[in-house]
Amino acid sequence: QVQLVESGGGLVQPGGSLRLSCAASGSIFSINAMGWYRQAPGKQRDLVATITSSGSTNYADSVKGRFTISRDNAKNTMYLQMNSLKPEDTAVYYCNAEIKLVPRGYEYSYWGQGTQVTVSS
């Protein structure tokens with residue numbers, strides 16, 4: 001069994017910062033790409049940022065310059081540092097990981113349960 005567990009969400013004032021974490025556990029051989037997505041009420045789930053196993057990153061235009069994605073491969077953990085938060089960043093944030101369970105096996109996409117981020121004064 002593989003689990004992704006997010007943490008670090010909460011309530012923050014506009015202009016504030018939060019750091020999200022996503023820890024993968026279980027019978028994992030390797031993790032390829034990882035990413036953060038978010039879903040606001042009544043809207044579709046959108047990509048926030050992705051990072052490959054070698055550290056290449058990609059960001060949605062709306063968060064460029066404010067958010068930073070990173071990962072610790074030794075700990076199977078990914079982070080999202082969110083600065084200069086805006087009310088429109090309010091959403092449930094989900095982590096995603098492409099995980100191989102055995103050598104030469106397929107990669108499977110796993111999702112965390114989500115963590116709420118609310119930006120409000």
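This is a predicted model: local features need pLDDT of at least 70, side-chain atom pairs count only at pLDDT 80 or more; totals for chains, interfaces and linings use all residues.
Ala, Val, Leu, Ile, Met, Phe, Trp, Tyr, Cys and Pro count here as nonpolar, Asp, Glu, Lys and Arg as charged, and the others, Gly among them, as polar.

Residues are numbered from 1 along each chain as its sequence is written, and side-chain values use heavy atoms, with hydrogens and water left out.

**Stop 1: the largest pocket**

Select Arg38, Ala40, Lys43, Asp46 and Glu88. Of the 13 residues that line the largest pocket, these lie nearest its centre. A pocket, on a 1 Å grid over the protein atoms alone, is an open set of points where a 1.4 Å probe fits, with protein on both sides within 12 Å along at least five of seven lines; lining residues have an atom within 4 Å of a point. Strand 4 (30-39) and strand 5 (46-51) are the elements that give two or more residues to this lining. Strands are DSSP runs of E with at least two residues, numbered from the N terminus. Strand 5 provides the largest share of the lining, 3 residues. Sorted by class, the lining holds 5 nonpolar, 4 polar and 4 charged residues. The volume of the pocket is about 160 Å³, taken as the space filled by probe spheres set on grid points that are joined across faces, edges and corners.

**Stop 2: along strand 5**

Now show strands 4 and 5 as a cartoon. They pair in the antiparallel sense over 5 bridges; two strands pair if DSSP finds at least two bridges between them. Pick Arg38 again and you will find Asp46 of strand 5 standing opposite. The hairpin of these two strands has 6 residues between them, and Gly42 there takes a positive phi near 75 degrees.

Strand 5 has another antiparallel partner to select, strand 6 (residues 57-59), joined over 3 bridges. Here Ile51 stands opposite Thr57. This hairpin has 5 residues between its strands, and Gly55 takes a positive phi near 100 degrees.

Stay in strand 5 and click on Val48. Is Val48 buried or exposed? Val48 is buried, with a relative accessible area of 1%. Buried means under 20% relative accessible area, exposed over 50%, and partly exposed in between, with a 1.4 Å probe and protein chains only. Leaving out residues up to four places away in sequence, Val48 touches Trp36, Tyr37, Arg38, Asn58, Tyr59, Ala60, Val63, Phe67, Leu80 and Tyr93; contact means heavy atoms within 4.5 Å.

**Stop 3**

Centre the view on Leu80: apart from residues up to four places away in sequence, its contacts include Leu18, Trp36, Val48, Phe67 and Tyr93.

**Stop 4: a serine in strand 3**

Move to Ser21, which is found in strand 3 (residues 18-26). Ser21 is buried, with a relative accessible area of 18%. Neighbours within four places in sequence aside, Ser21 is in contact with Val5, Glu6, Ser7, Trp36, Met78 and Tyr79.

**Stop 5: two loops with a positive phi**

Most residues other than glycine have a negative phi. Asn76 has a positive phi, near 50 degrees. Look for Asn76 in the loop between strand 7 and strand 8. With a relative accessible area of 24%, Asn76 is partly exposed.

Strand 9 and strand 10 run antiparallel and are joined by 5 bridges, with Tyr110 as the bridge partner of Ala97. Their hairpin has 6 residues between the strands, and Arg104 in the turn has a positive phi of about 65 degrees. Arg104 is exposed, with a relative accessible area of 85%. To finish, draw a distance from Arg104 to Gln44: their C-alpha atoms, 60 residues apart along the chain, are separated by 34 Å.

Notes:
Helices (H or I, at least four residues) and strands (E, at least two) are DSSP runs, numbered from the N terminus.
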